[in-house]
Amino acid sequence: FITDVHLDEQFPIDNQVDTKRNWEIALNDIAARGIHEIVFGGDIGASTSHAYFFKSLEPFSIKLMLGNHDKFNEVKAHFNAGGNSHELYYKVEENDFVYIFLDSSSDEISDRQIQWLQAELNSSKEFIFFIHHPILKIDTAVDKLYPLKNREQLKSILLAHKKNITVFCGHYHMNHQQVLRNIEQITTQSLSFQLLENEKELKVDNLNFGYRIIEIGEAGIKTNLVNFRQNE
(Lines give C-alpha, C1' and ligand atoms only; values in the text may rest on other atoms or scores of the structure.)
Protein backbone atom coordinates (compact mmCIF):
# COMPACT_ATOMS: atom_id res chain seq x y z
CA PHE A 1 0.00 0.00 0.00
CA ILE A 2 1.65 3.20 -1.25
CA THR A 3 0.10 6.62 -0.96
CA ASP A 4 0.62 10.35 -1.46
CA VAL A 5 3.66 10.50 -3.76
CA HIS A 6 2.74 13.94 -5.24
CA LEU A 7 4.90 13.65 -8.35
CA ASP A 8 5.79 16.89 -10.17
CA GLU A 9 4.07 19.05 -7.54
CA GLN A 10 5.62 22.30 -6.36
CA PHE A 11 5.20 21.83 -2.60
CA PRO A 12 7.52 18.81 -2.35
CA ILE A 13 10.01 20.57 -4.63
CA ASP A 14 9.97 23.61 -2.34
CA ASN A 15 10.67 21.27 0.59
CA GLN A 16 13.64 19.60 -1.14
CA VAL A 17 11.84 16.29 -1.72
CA ASP A 18 12.72 14.32 -4.87
CA THR A 19 9.41 12.50 -5.29
CA LYS A 20 10.44 10.60 -8.42
CA ARG A 21 13.51 9.24 -6.61
CA ASN A 22 11.35 8.20 -3.64
CA TRP A 23 8.90 6.46 -5.96
CA GLU A 24 11.63 4.51 -7.73
CA ILE A 25 13.24 3.51 -4.42
CA ALA A 26 9.92 2.11 -3.23
CA LEU A 27 9.14 0.25 -6.46
CA ASN A 28 12.61 -1.31 -6.55
CA ASP A 29 12.23 -2.40 -2.94
CA ILE A 30 8.80 -3.90 -3.61
CA ALA A 31 10.07 -5.81 -6.62
CA ALA A 32 13.08 -7.09 -4.67
CA ARG A 33 10.72 -8.50 -2.03
CA GLY A 34 8.82 -10.45 -4.69
CA ILE A 35 5.61 -8.47 -4.14
CA HIS A 36 3.46 -8.29 -7.27
CA GLU A 37 0.34 -6.41 -6.15
CA ILE A 38 0.21 -2.70 -5.33
CA VAL A 39 -2.66 -0.65 -3.99
CA PHE A 40 -2.10 3.08 -4.48
CA GLY A 41 -3.90 5.29 -1.97
CA GLY A 42 -4.28 8.48 -3.97
CA ASP A 43 -2.52 11.78 -4.74
CA ILE A 44 -0.46 10.71 -7.72
CA GLY A 45 0.66 14.24 -8.45
CA ALA A 46 0.43 16.69 -11.32
CA SER A 47 -1.13 15.43 -14.55
CA THR A 48 2.29 15.77 -16.22
CA SER A 49 3.42 12.77 -14.15
CA HIS A 50 0.60 10.38 -15.04
CA ALA A 51 2.17 8.73 -18.09
CA TYR A 52 5.38 8.06 -16.15
CA PHE A 53 3.47 6.89 -13.05
CA PHE A 54 1.36 4.29 -14.85
CA LYS A 55 4.23 3.15 -17.07
CA SER A 56 6.33 2.45 -13.97
CA LEU A 57 3.52 0.28 -12.53
CA GLU A 58 3.26 -2.01 -15.59
CA PRO A 59 5.25 -4.85 -13.93
CA PHE A 60 2.68 -4.98 -11.11
CA SER A 61 -0.99 -5.74 -10.64
CA ILE A 62 -2.48 -2.48 -9.39
CA LYS A 63 -5.57 -1.14 -7.70
CA LEU A 64 -5.95 2.52 -6.83
CA MET A 65 -8.28 5.12 -5.46
CA LEU A 66 -8.27 8.87 -6.06
CA GLY A 67 -7.05 11.49 -3.63
CA ASN A 68 -7.95 15.14 -3.36
CA HIS A 69 -5.06 16.03 -5.70
CA ASP A 70 -6.38 13.67 -8.38
CA LYS A 71 -8.98 14.30 -11.08
CA PHE A 72 -11.12 11.48 -12.46
CA ASN A 73 -11.01 12.75 -16.04
CA GLU A 74 -7.20 12.83 -15.99
CA VAL A 75 -6.73 9.40 -14.43
CA LYS A 76 -9.36 7.48 -16.40
CA ALA A 77 -7.21 7.61 -19.55
CA HIS A 78 -4.71 5.38 -17.75
CA PHE A 79 -6.81 3.32 -15.31
CA ASN A 80 -10.31 1.95 -15.73
CA ALA A 81 -12.00 -0.06 -12.99
CA GLY A 82 -15.20 -0.21 -15.06
CA GLY A 83 -18.76 0.88 -14.52
CA ASN A 84 -18.68 4.43 -13.29
CA SER A 85 -18.38 7.44 -15.58
CA HIS A 86 -17.72 10.21 -13.03
CA GLU A 87 -16.08 8.60 -9.99
CA LEU A 88 -13.59 5.81 -9.34
CA TYR A 89 -15.24 3.44 -6.86
CA TYR A 90 -15.52 -0.32 -7.13
CA LYS A 91 -15.26 -3.61 -5.25
CA VAL A 92 -13.17 -6.76 -5.59
CA GLU A 93 -14.20 -10.05 -3.98
CA GLU A 94 -11.55 -12.64 -3.18
CA ASN A 95 -12.19 -15.68 -1.00
CA ASP A 96 -13.68 -14.50 2.32
CA PHE A 97 -13.06 -10.80 1.75
CA VAL A 98 -14.76 -7.92 -0.04
CA TYR A 99 -12.38 -5.08 -0.91
CA ILE A 100 -14.12 -1.71 -1.23
CA PHE A 101 -12.36 1.16 -3.05
CA LEU A 102 -13.95 4.58 -2.53
CA ASP A 103 -13.45 7.88 -4.33
CA SER A 104 -12.95 10.81 -1.93
CA SER A 105 -11.28 13.10 -4.47
CA SER A 106 -14.00 15.72 -3.89
CA ASP A 107 -13.22 15.63 -0.13
CA GLU A 108 -16.43 13.69 0.49
CA ILE A 109 -18.18 10.45 -0.43
CA SER A 110 -20.96 11.21 -2.89
CA ASP A 111 -24.59 10.21 -2.38
CA ARG A 112 -24.20 7.80 -5.30
CA GLN A 113 -21.33 6.04 -3.56
CA ILE A 114 -23.18 5.97 -0.24
CA GLN A 115 -26.19 4.25 -1.83
CA TRP A 116 -23.93 1.76 -3.61
CA LEU A 117 -22.00 1.05 -0.41
CA GLN A 118 -25.11 0.41 1.68
CA ALA A 119 -26.22 -2.22 -0.81
CA GLU A 120 -22.77 -3.86 -0.89
CA LEU A 121 -22.59 -4.13 2.90
CA ASN A 122 -25.29 -6.80 2.82
CA SER A 123 -22.56 -9.37 2.13
CA SER A 124 -21.66 -11.74 4.96
CA LYS A 125 -17.98 -11.60 4.00
CA GLU A 126 -15.35 -9.56 5.85
CA PHE A 127 -14.77 -6.04 4.50
CA ILE A 128 -11.51 -4.20 3.85
CA PHE A 129 -11.87 -0.57 2.80
CA PHE A 130 -9.38 1.51 0.85
CA ILE A 131 -10.06 5.26 0.90
CA HIS A 132 -7.74 8.24 0.58
CA HIS A 133 -9.15 10.21 3.53
CA PRO A 134 -9.32 8.82 7.07
CA ILE A 135 -12.85 8.14 8.26
CA LEU A 136 -12.12 8.33 12.00
CA LYS A 137 -10.90 11.63 13.42
CA ILE A 138 -7.21 11.97 14.27
CA ASP A 139 -6.16 14.68 16.71
CA THR A 140 -3.71 16.48 14.44
CA ALA A 141 -3.48 19.77 12.57
CA VAL A 142 -4.16 18.34 9.10
CA ASP A 143 -7.38 16.72 10.37
CA LYS A 144 -8.72 20.11 11.38
CA LEU A 145 -7.88 21.64 7.99
CA TYR A 146 -8.61 18.92 5.42
CA PRO A 147 -10.95 16.22 6.79
CA LEU A 148 -13.42 14.10 4.86
CA LYS A 149 -16.46 16.38 4.88
CA ASN A 150 -19.14 13.74 5.46
CA ARG A 151 -17.09 11.32 7.53
CA GLU A 152 -19.71 11.18 10.29
CA GLN A 153 -22.23 9.81 7.80
CA LEU A 154 -19.79 7.20 6.54
CA LYS A 155 -18.68 6.29 10.06
CA SER A 156 -22.28 5.74 11.12
CA ILE A 157 -22.87 3.36 8.21
CA LEU A 158 -19.80 1.30 9.08
CA LEU A 159 -20.62 1.20 12.80
CA ALA A 160 -24.13 -0.01 12.03
CA HIS A 161 -22.69 -2.90 10.00
CA LYS A 162 -21.58 -4.59 13.27
CA LYS A 163 -19.01 -6.92 11.66
CA ASN A 164 -15.34 -5.96 11.83
CA ILE A 165 -14.16 -3.58 9.10
CA THR A 166 -10.55 -2.65 8.38
CA VAL A 167 -9.89 0.72 6.74
CA PHE A 168 -6.62 1.57 4.99
CA CYS A 169 -6.11 5.25 4.18
CA GLY A 170 -3.52 7.99 3.64
CA HIS A 171 -3.99 11.75 3.09
CA TYR A 172 -2.59 12.84 6.48
CA HIS A 173 1.04 11.97 5.64
CA MET A 174 1.63 10.02 8.86
CA ASN A 175 1.34 6.58 10.39
CA HIS A 176 -1.54 6.18 12.80
CA GLN A 177 -3.70 3.32 13.96
CA GLN A 178 -6.91 3.33 15.98
CA VAL A 179 -9.99 1.23 16.71
CA LEU A 180 -13.56 2.39 17.24
CA ARG A 181 -15.85 -0.53 18.04
CA ASN A 182 -15.93 -2.63 14.85
CA ILE A 183 -13.75 -0.23 12.78
CA GLU A 184 -9.96 -0.50 12.70
CA GLN A 185 -8.39 2.40 10.79
CA ILE A 186 -4.78 2.18 9.61
CA THR A 187 -3.36 5.41 8.21
CA THR A 188 -0.13 5.16 6.22
CA GLN A 189 2.78 7.54 5.78
CA SER A 190 3.37 9.42 2.56
CA LEU A 191 5.96 8.45 -0.01
CA SER A 192 6.89 12.13 -0.36
CA PHE A 193 6.99 14.03 2.97
CA GLN A 194 5.42 13.57 6.39
CA LEU A 195 3.29 15.92 8.50
CA LEU A 196 4.13 15.77 12.19
CA GLU A 197 1.25 14.41 14.23
CA ASN A 198 1.34 16.16 17.60
CA GLU A 199 1.48 19.74 16.35
CA LYS A 200 -1.07 22.56 16.36
CA GLU A 201 0.07 23.74 12.93
CA LEU A 202 1.26 21.87 9.84
CA LYS A 203 4.94 20.98 10.17
CA VAL A 204 6.81 19.06 7.47
CA ASP A 205 9.29 16.22 7.88
CA ASN A 206 11.07 16.03 4.52
CA LEU A 207 13.53 13.30 5.51
CA ASN A 208 11.36 10.21 6.02
CA PHE A 209 9.13 8.33 3.58
CA GLY A 210 7.86 4.81 3.05
CA TYR A 211 5.00 2.41 2.37
CA ARG A 212 3.08 -0.42 4.07
CA ILE A 213 3.08 -4.15 3.37
CA ILE A 214 -0.32 -5.77 3.92
CA GLU A 215 -0.60 -9.55 4.26
CA ILE A 216 -4.07 -11.09 4.22
CA GLY A 217 -4.63 -14.77 4.93
CA GLU A 218 -6.19 -17.33 7.23
CA ALA A 219 -4.45 -15.74 10.21
CA GLY A 220 -6.13 -12.42 9.45
CA ILE A 221 -4.60 -9.10 8.40
CA LYS A 222 -0.99 -8.28 9.18
CA THR A 223 0.85 -5.11 8.23
CA ASN A 224 4.47 -3.98 8.31
CA LEU A 225 5.93 -0.56 7.60
CA VAL A 226 8.84 -0.10 5.24
CA ASN A 227 10.70 3.10 6.04
CA PHE A 228 13.32 5.03 4.11
CA ARG A 229 15.27 8.18 4.87
CA GLN A 230 16.47 10.80 2.41
CA ASN A 231 20.15 10.56 1.41
CA GLU A 232 20.60 7.07 2.86
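One aromatic cluster is formed by Phe-1, Phe-79, Tyr-90, Phe-101, Phe-130 and Phe-168. The model is predicted: local features need pLDDT of at least 70, side-chain atom pairs count only at pLDDT 80 or more, and totals for chains, interfaces and linings use all residues. Residues are numbered from 1 along each chain as its sequence is written, and side-chain values use heavy atoms, with hydrogens and water left out.

**Aromatic rings**

- Because Trp-23 belongs to helix α2 (residues 19-32) and Phe-40 to strand β1 (residues 37-40), the pair ties together parts that are 17 residues apart in sequence; helices (H or I, at least four residues) and strands (E, at least two) are DSSP runs numbered from the N terminus.
- Both Trp-23 and Phe-40 are buried (under 20% relative accessible area, with exposed over 50% and partly exposed in between; 1.4 Å probe, protein chains only).
- The charged end of Lys-20 sits over the ring of Tyr-52, 4.7 Å from its centre (the criterion being NZ of Lys or CZ of Arg within 6 Å of the ring centre and within 35 degrees of the ring normal).

**Surroundings of His-171**

- His-171 is placed in the loop between β6 (165-169) and β7 (176-180), and its relative accessibility is 6%, so it counts as buried.
- Its side chain makes polar contacts with the side chains of Asn-68 (3.2 Å) and His-132 (3.2 Å); a polar contact is a pair of N or O atoms within 3.5 Å, where within protein one must be able to donate a hydrogen and the other to accept it, and residues adjacent in sequence count only if both atoms are side-chain atoms.
- Leaving aside residues up to four places away in sequence, His-171 touches Thr-3, Asp-4, Asn-68, His-132, His-133, Pro-134 and Tyr-146 (heavy atoms within 4.5 Å).

**Sheet**

- Six strands make up an open sheet in the order β3-β4-β5-β6-β8-β7, with mixed pairing (two strands pair if DSSP finds at least two bridges between them).
- At the edges are β3 (90-94) and β7, each of which pairs on one side only.
- Five bridges join β3 and β4 (residues 97-101) in the antiparallel sense, and Ile-100 in β4 is the bridge partner of Lys-91.

Technical notes:
Phe/Tyr/Trp six-rings, centres within 6.5 Å; stacked < 30°, edge-to-face > 60°.
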